[in-house]
Amino acid sequence: MEAFVRETGRAVVIPNDNINTDIILPKQFLKNILKTGFGKDLFYDWRYNADGSLNEAFELNKPEHKCASILVTGNDFGSGSSREHAVWALTDYGFRAVIGGGFSDIFYMNATKNGLLPIVLPEENRRILRSIQADEYIQIDLPKQTVTYNDDIFHFNINSQWKEKFINGEDDIDNTMKYEKLITAFEKQRSIFL
């Protein structure tokens, strides 16, 4: 997992509430298990017209949002199925963080395990962030647990273990491998009793 300490990036605002995983990545794109190649299908039914052409009115399709790394959204983001592919689509597109009013539990855990930082901020903070212009930046400082936009600084909470994993770029396997010597010693001792 890529370390996440600070991210200064452009943001795209999709303020809708209740964006579920089928909206994030429709079911017909769940055939791949490689974690890559999903970015082009992110928000497919909103990004593309029925004939397959780009819906130029959709925020992600606007040229000024092409390199956005932060998504600002509404309440209850990522509800629905447990598909990890939805997170893969967001990260493959280039998003490093999603700022919302809340996330489904499964989506939140899938995000943290795949390097996408989910940040919960109240509506009054997100209302300010929604005014961001395409040439402006948001800074996320994970050690300080802050989101900064212009002169506004918003604090967010995160579990200390997940914060540590993000800062160190460690996933669950990396964390387990810290105990490799203990695991090996246990397995050697265990074989005596088999």
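Strands β1, β6, β7 and β8 form an open sheet of 4 strands, in the order β1-β6-β7-β8. The pairing is antiparallel. Two strands count as paired if DSSP finds at least two bridges between them. Strands are DSSP runs of E with at least two residues, and helices are runs of H or I with at least four, both numbered from the N terminus. The edge strands are β1 (6-9) and β8 (152-155), each of which pairs on one side only. Neighbouring strands of this sheet are turned by 15° against each other on average, with direction ignored. Such angles are taken between lines fitted to C-alpha atoms and run from 0 to 180 degrees between N-to-C directions. Strand β7 (residues 146-149) is joined to β8 by 4 bridges, and the two run antiparallel. V147 stands opposite F154 in β8.

The model is predicted: local features need pLDDT of at least 70, side-chain atom pairs count only at pLDDT 80 or more, and totals for chains, interfaces and linings use all residues. Residues are numbered from 1 along each chain as its sequence is written, and side-chain values use heavy atoms, with hydrogens and water left out.

A further open sheet holds 4 strands in the order β2-β3-β4-β5, with parallel pairing. Strands β2 (11-14) and β5 (117-120) stand at its edges with a single partner strand each, so one side of each has no neighbour in the sheet. The twist averages 20° from one strand to the next. Strand β3 (residues 70-73) pairs with strand β4 (residues 97-100) in the parallel sense, over 3 bridges. L71 stands opposite V98 in β4.

H85 lies in helix α3 (residues 85-93). This residue is buried, with a relative accessible area of 14%. Buried means under 20% relative accessible area, exposed over 50%, and partly exposed in between, with a 1.4 Å probe and protein chains only. H85 touches L25, L30, N32 and F38, not counting residues up to four places away in sequence. Contact here means heavy atoms within 4.5 Å.

The chain contains 8 helices and 8 strands. Its C-alpha atoms fill a box of roughly 65 × 45 × 25 Å along the principal axes. Of the 194 residues, 43% are buried. Among contacts with a separation of 6 or more, 66% link residues 24 or more positions apart. The accessible surface of the chain, by the Shrake-Rupley method with a 1.4 Å probe, comes to about 10,500 Å², of which 51% belongs to carbon and sulfur atoms.
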